[in-house]
There are 2 protein chains.
Amino acid sequence: MQKMHPMSSRLLPVLLLLCCLASPAQTKSDPLPSWNDGAAKQAILNFVRVTTDASNPSFVPPEQRFACFDQDGTTWVEHPMYTQLVFAFQRIVDLAPQHPEWKTTEPFRTVLAGDKAAMEKFSNKDFEAILTATHTGMSVEAFTPIVNKWLANARDPRWKRPYTELVYQPMLEVMEYLRANGYRTYIVTGGGQDWVRTYAQQVYGIPPEQIIGSAYALEYQYDASGAGVLIRPPKMLLNDNFSGKPEDIYLFIGRHPEAAFGNSTGDQQMLEYTQAGSGATLEMIVLHDDAQREYAYGPAQGLPSTDVGTFTQALYDEGKTRGWFVISMKNDWKRIFAWER
Amino acid sequence: MQKMHPMSSRLLPVLLLLCCLASPAQTKSDPLPSWNDGAAKQAILNFVRVTTDASNPSFVPPEQRFACFDQDGTTWVEHPMYTQLVFAFQRIVDLAPQHPEWKTTEPFRTVLAGDKAAMEKFSNKDFEAILTATHTGMSVEAFTPIVNKWLANARDPRWKRPYTELVYQPMLEVMEYLRANGYRTYIVTGGGQDWVRTYAQQVYGIPPEQIIGSAYALEYQYDASGAGVLIRPPKMLLNDNFSGKPEDIYLFIGRHPEAAFGNSTGDQQMLEYTQAGSGATLEMIVLHDDAQREYAYGPAQGLPSTDVGTFTQALYDEGKTRGWFVISMKNDWKRIFAWER
């Protein structure tokens, strides 16, 4: 009996420590460890707190908890070029032997010549021609392995990493935090729905039915064996940019989301539409102001604007008037990528 | 002590009975009480058994469990006229004072004259004109209360009940049973997505984001106060009939469903596409062969076919070849409606 006393007293601090590590303390651990303390982080925590507390007037029933995320520039790197376009350009090169006419047809000729200066001046019509040539005319099943193979092998020129590793760790934490609190997370992208669906489960933990994006039409046809197959004809069905975002959100989920995250003028209408819902909502825009760790672009940096993918002064002003939160990558994010030292 | 013995022995059967009513026995209770024993019921039970048993080679992971239900004629009464059309015809009458030109314009003139013989000969173009006039040109928020008000007051001519009570109790049980086993249930209807969304949660327990249907385009506009609103212009986006069903299923969920329920040629491609998925699948078609309790129509009854909403001989033959299950309303269903005595 005597021997046990010293043992007990030595065990006591250990036991206390174990108690602290158990569930009550776990719920107090930081769900957003890659975020610096500040208005943006507090806005997220506060939004979840008030919308999930049944005694709060801003409580949202679990079945109505939807959060929408733009992708390019919001959840992963979009600079200097959308990853889907990098893929499409490479695909043009790969397909060229089957299309001898491309050698003399624009915009394919320019891509095959690797004329980067000319490619930077491509019009929307040029991009459309390239996307249509690389994304349509095949079954939906045939497309997925083409993308998967490319993603497995391609490396971005700056960090020499798979493009799927260029996701923003702080945004992954927000997604996970929202899901842990009953929110369903959706990608709502101007990029291709088919493209994002190939990797979204693995990269974001978001299943195919929660990917809204620009989409080609589908055509149900019968193959030689009489089996039904879905083919993508060269015809757009959904353009999920600007006004297309609230339109497609309604088509897919039938209501206003509670939270939306974007970074460009292409997301403005989605953010407005989110805020137009009843009750507490959350609207956030990512500002690319970290030239060191990622990129700095947009009007704050005096860089030129493009139609899509840019945080313009006008967007910033509208956001300020409406009470949207700006996420400064430089100031709000402790780290940008999971693999950062 | 002596007095307690007789009491205990009298209590014993009661206690045993209570034990039988507790949870282990509950899981053995019939999940499909409105179904007669037979091939159709066994097919459903067997499908759920093999796809939810992790040790079965046909096991389907929970995140891939999708079941699609046609609506008209599959989950509720479609005869003698789709309920959505009954609504649209009444809406034409209600809106007529604001459209004096309808008195002399077809097909509105015929509807306003109540000329049923002529209405039965309406072409698809006529129906389109009527649906467009009653379902578009307003915000998505404005449409819902119009439908709700009509549904609350309208009664069907045969049973004198709200149309939302003309749902098939056995199909509600299948939906509930599938959901209890991790399946997500979707409505995939040739009818309007907007229309079905107004009552699907209440009637089927299916939320707006799980309603796939024919859909008008949406247009994000700003109202006088500068707030964004979604308006439906008179332009179709999705025609969710025939080939449109697998096309829209892929658009919304991005994969083959595991189970599909239909009743007409308009569902054939959905059933084919479901079966074309890998692993165990379930395809069922409802045969309307109960003139007493509901209606008997289709080729088996020598009634004429229409484009949509008909169980044709060709569908029956294809189903037989492919191993689809026919649900005989007369033989497979103990009762058709929840309110049946």
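Q: How is a polar contact read, and which side chain does Glu176(B) meet in one?
A: A polar contact is a pair of N or O atoms within 3.5 Å; within protein, one must be able to donate a hydrogen and the other to accept it, and residues adjacent in sequence count only if both atoms are side-chain atoms. In this predicted model, the side chains of Glu176(B) and Arg179(B) are joined by a polar contact of 3.2 Å. Local features need pLDDT of at least 70, side-chain atom pairs count only at pLDDT 80 or more, and totals for chains, interfaces and linings use all residues; side-chain values use heavy atoms, without hydrogens and water. Residues are numbered from 1 along each chain as its sequence is written, with chains lettered from A and ligands numbered from 1 in the order in which they are written.

Q: Where is Glu176(B) found, and is Glu176(B) buried, partly exposed or exposed?
A: Helices (H or I, at least four residues) and strands (E, at least two) are DSSP runs, numbered from the N terminus. Glu176(B) belongs to helix 9 (residues 169–180) of chain B. Buried means under 20% relative accessible area, exposed over 50%, and partly exposed in between (1.4 Å probe, protein chains only). Glu176(B) counts as partly exposed because its relative accessibility is 46%. Tyr204(B) is 28 residues from Glu176(B) in sequence and 8.7 Å from Glu176(B) in space, C-alpha to C-alpha.

Q: Which strands does helix 9 of chain B lie across?
A: Contact means heavy atoms within 4.5 Å. Axes are lines fitted to C-alpha atoms, for helices over the stretch in contact, and angles run from 0 to 180 degrees between N-to-C directions. Helix 9 of chain B lies across strand 1, strand 2 (184–192), strand 7 and strand 8 of chain B, and runs at about 165° to strand 1 of chain B.

Q: In what order do the strands of the chain B sheet stand?
A: Two strands pair if DSSP finds at least two bridges between them. In chain B, seven strands form an open sheet in the order 6-3-2-1-7-8-9, with mixed pairing. Strand 6 and strand 9 (325–328) of chain B are the edge strands, each pairing on one side only. From one strand to the next, the twist averages 20°.

Q: How many bridges join strand 7 of chain B to strand 1 and to strand 8?
A: Strand 1 (residues 66–69) and strand 7 of chain B run parallel, joined by three bridges; Phe69(B) has Phe261(B) as its bridge partner in strand 7. Strand 7 also pairs in the parallel sense with strand 8 (residues 282–287) of chain B, over four bridges. Here Ala259(B) is partnered by Leu282(B), and Ala260(B) by Glu283(B). Along strand 7 (residues 259–262) of chain B, Ala259(B) and Phe261(B) point one way and Ala260(B) and Gly262(B) the other, and all are buried.

Q: How is the packing of two helices described?
A: Two packed helices are described by the angle between their axes and the distance between the axes. Helix 4 (residues 83–95) and helix 7 (residues 124–135) of chain B pack at about 65°, with axes 9 Å apart. The contact is made by residues including Phe87(B) and Ile92(B) of helix 4 and Phe127(B) and Leu131(B) of helix 7 of chain B.

Q: Where is Arg232(B) placed, and is Arg232(B) buried or exposed?
A: Arg232(B) is in the loop between strand 5 (228–231) and strand 6 (236–238) of chain B. Arg232(B) counts as buried because its relative accessibility is 4%. Leaving aside neighbours within four places in sequence, the contacts of Arg232(B) include Tyr250(A), Asp194(B) and Tyr216(B).
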